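Please keep the 3D view open as you read, and take the points in order.

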Amino acid sequence: MAQGSVQVTHSGNSRWRRRTGEYGSLTEALQAAGDGDVLAIAPGTYRENVVVQRRVVLRGPATAPGSVRIAPADGVALTVRGPAVIEGLQVEGQDASAPALLVEEGSPELSDVRVVTRSAAGIEVRSGARPVLRRCTVDNPGGTGLSFSGGAGGLAEECEVLAAGQSGIAVRGGAQPRLERCRVHHATGAGLAVTGEASAAEATGCELYEIKGTGVHVTSRATASLTDCTVHRTSADGVTLDTDAVLTLDGCEIHDIPENAVDLRSRSQLTLTRSKVRRFGRNGLSVWDPGTRVVAEQSELHDSTGDYPAVWVSDGAEVRLDACRLHDVPDALFILDRGSRAEVTGSDIGQVRNTAVSVSDGGTVELADCRIRDAATGAWFRDHGSGGRLDDCTMDAVQTGVIVTKGADPTVAGCTVTGPAEAGVYVSAEGRGTFQNTRVTGSAGYGFHVIDGCRTTLTRCRTERCARGGFEFDGAVGGDGPTATDCTSDESAEARPREPAARVQTAQAQVPAQHTPAPAAAPVPKARPSQDVLKELDTLVGLDSVKREVRTLTDMIQVGRRREQAGLKAASVRRHLVFTGSPGTGKTTVARLYGEILAALGVLERGHLVEVSRVDLVGEHIGSTAIRTQEAFDKARGGVLFIDEAYALAPEDGGRDFGKEAIDTLVKLMEDHREAVVVIVAGYTAEMARFLSTNPGVASRFSRTITFGDYSPEELLRIVEQQAAEHEYTLGKGARKALLKHFTALPKGPAFGNGRTARQTFESMVERHAGRVAQLAEPSTEELTLLHPEDLPAVG
């Protein structure tokens with residue numbers, strides 16, 4: 001395209017001055033123009049370095065955008081040093097050492113300007129200039145898109161950086177621009193970079209995406225404020241703060257980030273309000289170093305795509321979460337290192353595959369009025385110096401409510417743990433802890449389980465409907481062991497003591513605080529006939545394929561014994577098993593019955609079940625893990641060692657994790673004492689496949705894998721019917737149909753409880769029934785026993 005002409009319309013009133021003039025170049029036209037004149041530029045390519053210093057208007061044809069090209073061979077294509085108005089031009093820079101468009105002074109207005117270049121910067125604003133940029137676009141794969149420096153400011157409105165070889169928008173040197181409804185994408189570097197003391201950026205309604213780097217990077221005492229902005233699809237962190245940076249995110253969304261959604265270090269400060277963080281590959285919030293602090297209110301972190309905690313606080317950093325939600329993550333909140341602290345109030349934590357709150361290496365946590373549900377562990381205080389407080393919190397549908405180990409010493413007050421699959425509270429390995437007015441109800445294990453003589457203090461604690469017993473103290477009680485004052489338990493189910501054990505049992509009575517001597521080892525009970533045990537197995541709801549597998553094993557063992565008696569060779573039957581499937585599908589129950597069957601057949605001496613998990617086997621240093629594993633194996637001699645969630649011994653990125661030591665020790669013990677103990681490992685199907693591949697000897701030790709399928713809605717209904725009959729309730733008209741609909745509608749995520757869900761549903765119906773019937777003056781027997789559809793809890 002050849003260079004066109006420039007028509008200048010003069011605004012002066014002097015009769016000596018021409019009203020219009022036509023010039024062959026922009027430079028000539030600008031020399032002839034005066035303040036207020038309009039330069040109408042004809043289509044063409046103007047290969048000149050244009051400098052605008054007056055209050056004039058430069059305008060390209062509105063009907064042919066991009067037809068006016070300013071494209072010199074080198075240097076700055078367009079320099080603006082005055083309050084000009086520039087509309088509809090295309091600027092093309094060719095100099096990699098200079099910006100394509102430079103705004104140096106004044107407050108010009110640039111609208112619909114397109115910059116296509118491979119320059120150091122597409123548009124550079126500096127030296128205190130305050131331009132207004134409207135609907136401008138920058139395509140600069142060679143450098144920065146928009147650059148603000150040297151105290152510059154101004155407004156960029158509805159602008160777009162189509163590509164940038166460095167940062168999409170860079171703010172430094174005390175610049176303070178405002179960005180409204182701008183888009184930055186396909187940048188290499190940061191989408192928005194704000195650097196240096198006194199530098200600041202304010203962005204509203206902006207979007208940063210497809211960034212080969214960090215979405216937003218604020219560093220070196222700079223500040224930024226983003227409102228209703230979106231950051232997504234970056235290759236690095238979504239947001240990074242470093243070295244005394246300050247950032248406010250209000251109503252923002254950060255999602256689809258492969259690394260940390262937000263990473264803070266070196267005394268940086270973040271305020272997060274009404275924002276959502278989702279689909280992140282590492283941490284949702286990663287907070288490091290003394291003086292670094294996050295305050296998050298009414299925000300949500302969820303749907304992690306990696307294997308890392310949603311919130312990571314370490315090296316003395318602090319986090320405060322108020323009315324936030326964390327859900328669908330591997331772990332929710334990890335606090336590590338002395339001085340690290342998290343304060344969480346009025347927040348919900350749910351659908352956590354592993355630990356909701358973990359405190360270690362001297363960190364502390366303060367949780368108040370929080371709700372934790374559907375997690376493997378509610379709160380785990382791991383080691384010496386770690387502690388804090390849990391006040392008025394609830395934990396529902398967890399494997400274990402609170403774990404305290406290795407000298408940790410938290411205070412738990414006014415909390416409730418409902419329906420844990422293992423223990424409500426578990427203390428071991430010199431853990432301490434003070435528990436006040438804490439209640440455990442509906443545990444499938446113990447309510448409070450304190451082992452190793454830990455010096456735990458329990459005051460006015462309460463247990464209800466705990467299957468194995470309300471309070472189990474393995475070791476000395478009082479003195480150097482645990483103390484319990486004014487604690488009560490209904491002991492509605494028979495407790496099963498572990499050995500050696502000093503179990504505190506009460507029936508609506510105070511738990512004695514004095515020392516209780518450990519009883520002598522229990523005598524070996526007489527084994528039930530195998531057919532009786534198999535009949536009990538057959539009464540379990542569902543599990544048809546599991547029952548067939550167990551009967552096959554039983555038949556092989558029986559026939560093998562008879563062949564031996566007849567002087568024939570018997571096929572070798574490896575008795576160690578892998579149980580795979582979701583939680584609550586009856587794996588522990590079948591393991592117990594399998595042990596009884598083997599005892600009845602004379603394969604095992606006692607057939608008792610010893611259930612352990614990672615916390616029972618893994619110690620705090622090399623060597624202690626082998627000791628713990630040996631102790632668990634010894635307790636199981638003559639019976640079954642059941643390792644639940646065995647895959648936790650081999651985390652995917654475990655590095656020097658001590659779980660490997662437990663696996664190696666277990667493999668050797670299984671080989672050296674192959675006739676003494678049957679080992680069953682259990683867990684999710686995919687995770688167990690990984691576990692079996694961690695050690696060459698592991699897979700060869702197990703004869704077969706038995707898969708426990710999820711219960712169907714009809715089978716869950718049968719479990720409720722069994723529970724109702726056992727507790728003398730009857731399902732009223734329409735209740736069965738409502739239960740089927742309820743179980744069909746329930747989300748079947750990783751934390752779905754299967755059989756446990758059915759039992760919890762029945763318990764909820766009983767509670768709602770009680771609330772309804774309590775309003776009747778003289779309820780009839782029928783009213784006291786009938787459960788109606790309205791007694792069902794709502795889904796979700």
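1. Let's begin with strand β38 (residues 309-314), which pairs with β41 in the parallel sense over four bridges. To find the place in this predicted model, look for P309, whose bridge partner in β41 is D331.

2. On to β41 and its other pairing. Strand β43 (residues 348-360) also runs parallel to β41, and four bridges join the two. Is β41 mostly covered or open? Strand β41, spanning residues 331-336, is mostly covered, as six of its six residues are buried.

3. Next, the charged pairs. Side chains of opposite charge can pair when their charged atoms come close. Searching the whole structure gives 38 salt bridges. In one of them, the side chains of E210 and R233 meet with an N to O distance of 2.6 Å. Because E210 belongs to strand β25 (residues 207-211) and R233 to strand β28 (residues 230-234), this pair ties together parts that are 23 residues apart in sequence. E210 is partly exposed, at 30% relative accessibility, and R233 is partly exposed too, with a relative accessible area of 37%.

4. Another salt bridge to look up is the one between R293 and E318, where the closest N and O atoms are 3.0 Å apart. R293 sits in strand β36 (residues 293-297) and E318 in strand β39 (residues 318-322), so the parts tied together by this pair are 25 residues apart in sequence. R293 has a relative accessible area of 27% and is partly exposed; E318, at 30% relative accessibility, counts as partly exposed as well.

5. R592 and E596 form a salt bridge, with their closest N and O atoms 3.4 Å apart. Why are R592 and E596 separated by about one helical turn? The reason is that they are four residues apart in helix α4 (residues 587-600). R592 is partly exposed, its relative accessible area being 25%. Elsewhere, please also look at E109, R134, E157, E158, R178, E180 and R181, which are joined into one network by salt bridges that share partners.

6. Now for a sheet. Which order do the strands of the open sheet follow? The five strands run β61-β62-β63-β60-β64, with parallel pairing. At the edges are β61 (609-612) and β64 (704-708), each of which pairs on one side only. From one strand to the next, the twist averages 20°.

7. Strand β62 (residues 640-643) runs parallel to β61, and four bridges join them.

8. Finally, have a look at helix α8 (residues 685-692), where M688, F691 and L692 are buried. These three cover an arc of only 95° around the axis, which means that they are on the same side of α8.

How values were computed
Residues numbered from 1 in each chain as written. Predicted model: local features only at pLDDT ≥ 70, side-chain atom pairs only at ≥ 80, totals over all residues. Heavy atoms only, no water. Buried < 20%, exposed > 50% of the residue type's maximum accessible area, 1.4 Å probe, protein only. Arc of directions from axis to C-beta. Pairing = 2+ DSSP bridges. Salt bridge = Lys/Arg side-chain N within 4 Å of Asp/Glu carboxyl O. Axes fitted to C-alpha atoms, helices over the stretch in contact; angles between N-to-C directions.
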